[in-house]
Amino acid sequence: DLVLSMPTTPTSTCGDWSDSELGNQLRQSVDSTKTMMKHSMELALQQQQKQQEQQERQHQENRSDTQQFLAVLASISTAGLQDLERKLDSKLSELAAKTNASLAEMKN
């Protein structure tokens, strides 16, 4: 037969504790909880700061990318306008030459 032995020392129950022991246990529990909450709040604050720093870096990168894009766009627009101006000047010169030729023919 299998015999189970029970511990001979009684397990503590609330009834065995004096009021001062309960007070000490309660204080320790409250202190422990406060410490854990403080640590959790510090970790949450650190995480929030890291996220804010990461977002700020991302915003800076986005601003830089936007500025580069606008600079490229402006140079393309400037180059396009300069090309258009050259073409218009060329066409105006051709038109002026034809007009002068036609006027010369009319005089003769």
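Which residue forms a salt bridge with Asp83, the closest N and O atoms being 3.4 Å apart? I looked this up and found Lys87. For a salt bridge I required a side-chain nitrogen of Lys or Arg within 4 Å of a carboxyl oxygen of Asp or Glu.

**Ground rules.** I am working with a predicted model, in which local features need pLDDT of at least 70 and side-chain atom pairs count only at pLDDT 80 or more, while totals for chains, interfaces and linings use all residues. Residues are numbered from 1 along each chain as its sequence is written, and side-chain values use heavy atoms, with hydrogens and water left out.

**The chain.** I then checked burial: of the 108 residues, 0% count as buried. Buried means under 20% relative accessible area, exposed means over 50%, and partly exposed lies in between (1.4 Å probe, protein chains only). The accessible surface of the chain comes to about 10,300 Å², and carbon and sulfur atoms hold 57% of that surface. These areas come from the Shrake-Rupley method with a 1.4 Å probe; for residues, only the protein chains shown count as cover.

**Salt bridges.** I noted 3 salt bridges in the structure. Back at Asp83, I found that Lys87 lies 4 residues away in helix H1, so the two are separated by about one helical turn. Asp83 also meets Arg86 in a salt bridge, at 3.8 Å from N to O. Because Asp83 and Arg86 are 3 residues apart in helix H1, about one helical turn separates this pair. I recorded Asp83, Arg86 and Lys87 as a linked network of salt bridges. Asp83 is partly exposed at 31% relative accessibility, whereas Arg86 is exposed at 52%.

Glu56 and Arg63 form another salt bridge, with their closest N and O atoms 3.2 Å apart. I listed Glu56 as partly exposed at 39% relative accessibility, and Arg63 as partly exposed at 40%.

**Nonpolar patch.** I found a nonpolar surface patch of about 300 Å² made by Phe69, Leu70 and Leu73. Patches take residues with over 30% relative accessible area and no salt bridge, joining like charges within 9 Å and nonpolar side chains (Val, Leu, Ile, Met, Phe, Trp, Tyr) within 5 Å. Leu70 sits in helix H1, residues 19-107. I put Leu70 down as partly exposed because its relative accessibility is 49%.
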